[in-house]
Amino acid sequence: MLPWLLLLICALPCEPAGISDVSLKTRPPGGWVMEGDKLVLICSVDRVTGNITYFWYRGALGFHLETKTQPALTAEFEISDMKQSDADQYYCAANDGHDPIPSELVSVHVRVPVSRPVLTFGDSGTQAVLGDLVELHCKAPRGSPPIFYQFYHESIILGNSSAPSGGGASFNFSLTAEHSGNFSCEASNGQGAQRSEVVALNLTGRQSEDPLRNPPQTVLQGSTYPQTPGPRQPEPLYENVNVVSGDEVYSLVYHTPQVLEPAAAQHVRTHGASESFQVSSGLYSKPRIDIAYMDYEEAM
């Protein structure tokens with residue numbers, strides 16, 4: 001190479017190369033932050049050639065948050081009091097006098113500790129009968145999922161359940177006499193635990209049937225035999241039989257309280273007034289005989 005050409009190349013000003021890589025990191029790392037805590041967004045470049053202007057944005061649409069200019073490889077933007085609504089995607093950009101270069105999107109998650117849960121009973125309420133299936137329902141009004149629940153009788157753990165997507169959870173058990181007392185539940189999501197207030201459950205026994213207070217009801221069933229008409233109300237039967245003994249005439253009056261069958265009535269007529277028979281269900285008995293004395297001449 002000619003010496004004069006070499007001198008010409010060295011005399012030309014050499015423009016330094018600009019930044020080519022921009023990245024965004026978070027503190028705490030990983031993009032996880034507790035509600036109420038501070039989040040720091042750290043924007044970095046691969047080289048410094050002078051003052052660099054840094055930009056911070058929220059969401060994929062790029063809502064502008066902050067701008068800083070400084071001759072440094074990194075710059076920080078701080079959100080002092082993170083809320084659950086601050087969970088979103090963030091990115092930054094850097095400009096060294098040329099076109100700004102953006103970073104990749106970083107997701108930020110805001111963890112919400114569980115609030116104090118509320119314990120309720122199912123359809124049975126706080127009054128239950130021994131042997132019933134009782135449902136305990138525990139729910140924390142706030143808290144990031146998943147939420148883990150434990151159910152207690154006094155200080156003894158009855159069981160546990162979880163809500164992978166948040167909300168409440170239930171636990172069922174069969175009620176025995178040992179379950180009398182106070183119940184509570186506990187909720188946790190890895191950010192601390194909260195215990196509910198105690199709820200008392202009142203046990204009652206099943207009412208025994210008292211035959212004196214609740215006499216059995218007689219159920220009348222229809223007879224399988226053909227129905228026959230009821231017996232007619234018996235009508236009295238009077239019969240006069242004249243017996244002559246010397247100069248006296250006797251008038252005998254027979255009172256039969258039941259209607260005689262034709263054969264029995266014929267028997268009375270043919271055998272005189274000395275005997276009479278009443279027929280009822282195949283049994284014979286002597287009827288009461290009322291005797292009235294009447295003078296024959298007066299009767300004539």
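Mentor: Let's start with one term: a residue counts as buried when its relative accessible area is under 20%. Keep in mind, too, that the model we are reading is predicted.

Trainee: Thanks! Is Thr26 buried or exposed, then?

Mentor: Thr26 has a relative accessibility of 11%, so Thr26 counts as buried. You will find Thr26 in strand β1.

Trainee: Which residues does Thr26 touch, leaving aside those up to four places away in sequence?

Mentor: Thr26 touches Gly31, Leu39, Val40, Leu41, Val106 and Val108. Look at the polar atoms of the side chain as well. One lies 2.9 Å from the backbone oxygen of Pro28, and there is also a distance of 3.0 Å between a polar atom of this side chain and the backbone nitrogen of Gly31.

Trainee: Now the strands. How do I read a sheet?

Mentor: Here is the general idea: strands of a sheet pair through backbone hydrogen bonds, and the pairing is either parallel or antiparallel. In this structure, three strands make an open sheet in the order β1-β3-β6, with antiparallel pairing. Strands β1 (22–27) and β6 (74–79) are at the edges with a single partner strand each, so one side of each has no neighbour in the sheet. On average, neighbouring strands of this sheet are turned by 20° against each other, direction ignored.

Trainee: How many bridges join β3 to β6?

Mentor: Six bridges join β3, which covers residues 39–45, to its antiparallel partner β6.

Trainee: What about disulfides?

Mentor: A disulfide is a covalent bond between the sulfur atoms of two cysteines. This structure holds two disulfides. One of them is formed by Cys43 and Cys92, with sulfur atoms 2.1 Å apart. The link of Cys43 and Cys92 is right-handed, with 80° about the S-S bond. Cys43 sits in strand β3 and Cys92 in strand β7 (residues 88–95), so the pair ties together parts 49 residues apart in sequence. Both Cys43 and Cys92 are buried.

Trainee: Which cysteine is joined to Cys138?

Mentor: Cys138 is joined to Cys185, with 2.0 Å from S to S. The torsion about their S-S bond is about 70°, so this disulfide is right-handed. Since Cys138 lies in strand β12 (residues 133–139) and Cys185 in strand β16 (residues 181–188), the pair ties together parts 47 residues apart in sequence. Cys138 counts as buried because its relative accessibility is 0%, and Cys185 counts as buried at 0% as well.

Trainee: What is the pairing if I number the bonded cysteines in sequence order?

Mentor: Numbered that way along the protein chain, the pairing reads 1-2, 3-4.

Terms used: Residues are numbered from 1 along each chain as its sequence is written. Side-chain values use heavy atoms; hydrogens and water are left out. Two strands pair if DSSP finds at least two bridges between them. Helices (H or I, at least four residues) and strands (E, at least two) are DSSP runs, numbered from the N terminus. Axes are lines fitted to C-alpha atoms, for helices over the stretch in contact, and angles run from 0 to 180 degrees between N-to-C directions. Buried means under 20% relative accessible area, exposed over 50%, partly exposed in between (1.4 Å probe, protein chains only). A polar contact is a pair of N or O atoms within 3.5 Å; within protein, one must be able to donate a hydrogen and the other to accept it, and residues adjacent in sequence count only if both atoms are side-chain atoms. Contact means heavy atoms within 4.5 Å. A disulfide is a pair of cysteine sulfur atoms within 2.5 Å.
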